[in-house]
Amino acid sequence: MPKKKRAESPAPEDLCEGGRCIGVVFEDHRQPVYAVAFWPGASEEPMVAVCGSNRASVYAIVEGDIELRQVYVDNDRDESFFCCAWSRRADAPLLCVAGTRGIAKIVDCADGRLDCALVGHGNAINDCCFHAVDESLLLTASKDESIRLWNARTCVCIAVFAGDRGHRDEVLAVDCHQSGSCCLSSGMDNTIKLWQLDAEHVSKACERSHTNPQPANHRPFETVFEQFPAFSTSRVHANYVDCARWVGSLILSKSTAERLCLWSPDPQRNDRLPAPLLSETNDDSEPKDDVLIVHELDLPGADIWFLRFGMCSSRQYVCAGNTSGDLVIYDVDSTEQKASLTHPKMRGAVRQCAFSPDSSLVACVGDDAGLFVYELDK
């Protein structure tokens, strides 16, 4: 089990611009740590979860120290967690972790127990996120080429997004639009797809998952299958799309080309886009995979896949790492570089970054099993 550690010496000031390292701690399994996420709720002490190997650890950041608060260790030693996400139930923190085994496990961090295990994917789960409006709904992206929508409270699979027009290879990323009306997915087939969550058949299934998760006739819950995305394109990237996130009605995504791309699914050429993305005019005469590139952000050294960026709660800033352990923070709107962060102990690839809820801290994890926390200049 990882031991409580005090923050190690910060990086020399001349290595960081726009912030400073306030703490470093290493998981003692010494395996790559793939995911990091801050608890989004109100808390006197920022809480951050990391997961790698068959473990998920929750740390508190207290006056410059990184203190271990909880550890969840899976019974399966061959499990390897790739993603994690926070939600809540009656203000009690819930942590979802998932990975190689394709099972999304919900941990109740208030009671220190496993709340439920969501079984259904046929292969590893690469990413997960909770619904932006209904915190009991969970989206998972899998190596089995599907995205699934779950009710984590009643433990039923509401919908499966896959099939005829779905992904043709591993799905690497999923994100829910802030309105809750749609989600995006991206994967190894170089495509980004948008799926409607407010479609009538999906909305009704969501309602049934709350009110009637176990039908009276004792038959299984009737899961919805959606094969047709509202939008799909492969015009943005020429390789694996390992991370994609909503920025209002725009999308920020990355591949292995050492850049982040901010773009829009052209709303004037697609009448199937969800309402928040539609313009007043539509033109069906053009192909429905058109995109409008807004601008690109340089990310030197990020030439391998599964390096995932993080965004602040307002989606104004993005933080991304590279294979050398360096971080860069950009203002997404102005493309201005706000900070450049590094640490001499960070020697491996940065697998994921995350902002604290107030955007004052940035945490990153990577191949060297370390958690690095930086305080940003005001």
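Ala, Val, Leu, Ile, Met, Phe, Trp, Tyr, Cys and Pro are counted here as nonpolar, Asp, Glu, Lys and Arg as charged, and the others, Gly among them, as polar. The structure is a predicted model, in which local features need pLDDT of at least 70 and side-chain atom pairs count only at pLDDT 80 or more, whereas totals for chains, interfaces and linings use all residues. Residues are numbered from 1 along each chain as its sequence is written, and side-chain values use heavy atoms, with hydrogens and water left out.

The protein chain has a mean pLDDT (the predictor's confidence in each residue, from 0 to 100) of 90, and 90% of its residues reach 70 or more. Residues 1–7 stay under 50, and the model gives them 24 contacts (heavy atoms within 4.5 Å) beyond four places in sequence. The pLDDT is also below 50 over residues 279–287, a stretch with 14 contacts beyond near neighbours in sequence.

Pockets were located on a 1 Å grid over the protein atoms alone, a pocket being an open set of points where a 1.4 Å probe fits, with protein on both sides within 12 Å along at least five of seven lines; lining residues have an atom within 4 Å of a point. Grid points are joined across faces, edges and corners, and a volume is the space filled by probe spheres set on the points. The largest pocket holds about 1,100 Å³. Its lining comprises 39 residues, with Pro40, Cys129, Asp175, Met311 and Arg315 nearest the centre. Strands (DSSP runs of E, at least two residues, numbered from the N terminus) that give two or more residues to this lining include β2 (33–38), β10 (125–130) and β27 (350–355). The greatest contribution, six residues, comes from β6. By class, the lining of the largest pocket has 23 nonpolar, nine polar and seven charged residues.

The second largest pocket has a volume of about 220 Å³. Among the residues that line the second largest pocket are Gly18, Tyr317, Lys338, Phe355, Asp358 and Lys378. This lining divides into five nonpolar, three polar and four charged residues.

Note on methods:
Helices (H or I, at least four residues) and strands (E, at least two) are DSSP runs, numbered from the N terminus.
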